[in-house]
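Please consult the sequence and the structure shown here alongside the text.

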Amino acid sequence: MLNDRKLQVVIVINYKLIFREKDMFFRKGSVGYPYWLPSFAVLASLISLPPPVRGAEAMQFTATRVWPSTLYTRLTFESSTLPHYRYFMLASPRRLVIDIDDFGLSPVLHKLSQQVRSTDPFISKIRVAKFDTKTLRIVVDLKQPIRADIFNLKPVANFQHRLVVDLYPKLKGDNDPLSLFLANTPSVHSPFKPSTPSAQPAPFIVMIDPGHGGEDPGAHGLHNTLEKNVVLQIAQRLKKLIDKQPGIAAVMTRSDGHFVPLAMRVAKAQQQKATIFVSIHADAVANRQARGASVFTLSTRGATSAAARFLANSQNQSDLIGGVSRSGDSYLDSTLLELIQHQTLHDSAILGSAVLKQLHKINPLHKSRVERAGFAVLKAPNIPSILVETAFISHPEEERKLRTARYQQQVAEAILVGIQRYKAKHDEP
Ligand SMILES: [Zn+2]
């Protein structure tokens with residue numbers, strides 16, 4: 001015999017199952033659907049349950065963003081409190097359902113579907129409604145089978161709590177975003193016109209890597225200048241300068257506001273057969289007196305100073321932000337042996353010194369020698385790689401300079417001249 005309490009539980013469970021399985025909240029018009037089931041469940045639950053207790057106002061999402069890219073689409077839901085979520089996939093029609101506890105509807109959610117481009121490879125539509133009094137339900141209608149990667153990001157800079165939904169294409173037996181990228185990218189498309197297969201020297205290709213991007217703003221200054229924006233601007237200036245030079249061309253790991261996982265940046269450099277890799281960043285520390293540019297190469301035995309180690313950690317957290325740290329690490333780990341190639345490290349040091357020397361002409365240096373740290377983006381085993389901290393965004397005067405076209409251009413020119421000096425040595429017989 002069921003006592004009252006058990007009966008209530010059974011009815012509530014039934015009610016939830018019916019709604020969840022049929023996703024009927026949004027499909028009231030489905031042909032052949034047994035309408036009496038949910039109405040009975042609703043009626044039964046109304047009869048047997050005490051009236052709902054009015055609690056605090058439901059929490060709300062304050063901003064939504066859709067970041068489409070060729071590789072994946074990222075949805076971001078921002079809120080002042082940490083959202084607790086569950087998700088599952090449903091077939092015919094194919095859709096992803098995300099339930100969020102204790103969240104209510106808000107104006108930004110109504111515009112969400114309009115933010116999706118008709119050309120988005122994964123999403124056809126997004127619907128949002130209250131599933132029950134406590135639960136907000138987001139239904140993403142899908143165009144193709146996907147793999148969803150859903151996670152929370154902590155508040156950073158101007159961003160509040162974020163619920164991030166990454167949609168990747170689902171390929172048979174392949175769950176690694178890095179292999180996905182490699183599989184989906186056509187073979188090397190060199191920026192050079194195909195030349196006669198004679199004894200032409202290999203083209204000199206600079207892979208420029210603007211740090212951070214998308215949901216990862218990098219460091220920020222007192223006046224809310226974001227590292228991801230100024231380093232992209234400097235990188236674009238550098239690319240323009242390089243592309244004007246004969247015998248040298250530039251490609252970028254990211255050319256817009258999207259975040260690209262760190263391992264993928266290295267993979268892109270490999271794919272493009274880059275001659276050198278130049279990552280561009282802006283530094284930040286708690287001490288607002290710290291200023292000046294610095295240049296890093298990879299250290300095999302870990303960071304050479306506590307400050308460098310701290311930096312290495314904060315840069316590598318980008319991978320966690322991208323949600324792909326495991327795949328990235330396995331790729332990088334497997335190359336660690338090859339990494340200890342003296343030639344690459346030796347060349348990286350020469351490139352680093354050449355760039356540092358030029359940077360010294362426009363700004364006092366933070367460290368007068370090339371430093372070494374374990375930055376993940378410097379780990380291409382066969383590509384000399386440097387990471388340039390262009391200035392301290394945490395220093396008020398340098399933050400101001402980083403925003404100016406003049407300083408951005410000066411930095412880009414200094415890096416260009418450094419690269420040319422290195423190339424001259426590289427080209428020597
Ligand atoms: Zn950075």
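R74 is found in strand 2; helices (H or I, at least four residues) and strands (E, at least two) are DSSP runs, numbered from the N terminus. R74 is buried, with a relative accessible area of 2%, where buried means under 20% relative accessible area, exposed over 50% and partly exposed in between (1.4 Å probe, protein chains only).

The model is a predicted one, in which local features need pLDDT of at least 70 and side-chain atom pairs count only at pLDDT 80 or more, while totals for chains, interfaces and linings use all residues. Residues are numbered from 1 along each chain as its sequence is written, and side-chain values use heavy atoms, with hydrogens and water left out.

**Overall composition**

- The secondary structure of the chain comprises 12 helices and 14 strands.
- Of its 429 residues, 50% count as buried.
- Among contacts (heavy atoms within 4.5 Å) with a separation of 6 or more, 74% are accounted for by residues 24 or more positions apart.
- The accessible surface of the chain comes to about 21,500 Å², of which 57% belongs to carbon and sulfur atoms; accessible areas come from the Shrake-Rupley method with a 1.4 Å probe, and for residues only the protein chains shown count as cover.

**Zinc site**

- The zinc ion is coordinated by H212 (NE2), E227 (OE) and H281 (ND1), at 2.1 to 2.2 Å.
- Donors are N, O and S atoms within 2.8 Å of the metal (3.2 Å for Na, K and Ca); water is not among the atoms, so sites may look incomplete.
- Along the chain, the donors of the zinc ion follow the spacing H-x14-E-x53-H.
- H212 lies in the loop between strand 9 (204–210) and helix 5 (227–244), and E227 lies in helix 5, so the pair ties together parts that are 15 residues apart in sequence.
- Both H212 and E227 are buried.

**Aromatic rings and charges**

- The structure holds 4 aromatic pairs; rings of Phe, Tyr and Trp (its six-membered ring) pair if their centres lie within 6.5 Å, and planes under 30 degrees apart count as stacked, over 60 as edge-to-face and the rest as tilted.
- F61 and F77 form a tilted pair, at 5.4 Å centre to centre with 50° between the planes.
- Because F61 lies in strand 1 (residues 61–68) and F77 in strand 2 (residues 73–79), this pair ties together parts that are 16 residues apart in sequence.
- F61 and F77 are buried, and ring pairs link F61, F77 and F103 into a cluster.
- The charged end of R137 sits over the ring of F131, 4.0 Å from its centre, and that of R265 sits over the ring of F259, 5.4 Å from its centre.
- A charge sits over a ring if NZ of Lys or CZ of Arg is within 6 Å of the ring centre and within 35 degrees of the ring normal.

**Helix 6**

- Helix 6 (residues 262–271) is largely enclosed by the rest of the structure, because 9 of its 10 residues are buried.
- The buried residues of helix 6 include R265, K268 and Q271.
- Just after helix 6, K273 takes a positive phi of about 50°.

**Strand 12 and its partners**

- Strand 12 (residues 294–298) is mostly covered, with 5 of its 5 residues buried.
- Strand 12 runs antiparallel to strand 14 (residues 385–392), joined by 3 bridges; two strands pair if DSSP finds at least two bridges between them.
- F296 stands opposite L387 in strand 14.
- With strand 13 (residues 371–373), strand 12 pairs in the parallel sense over 3 bridges, and the bridge partner of L298 there is A373.
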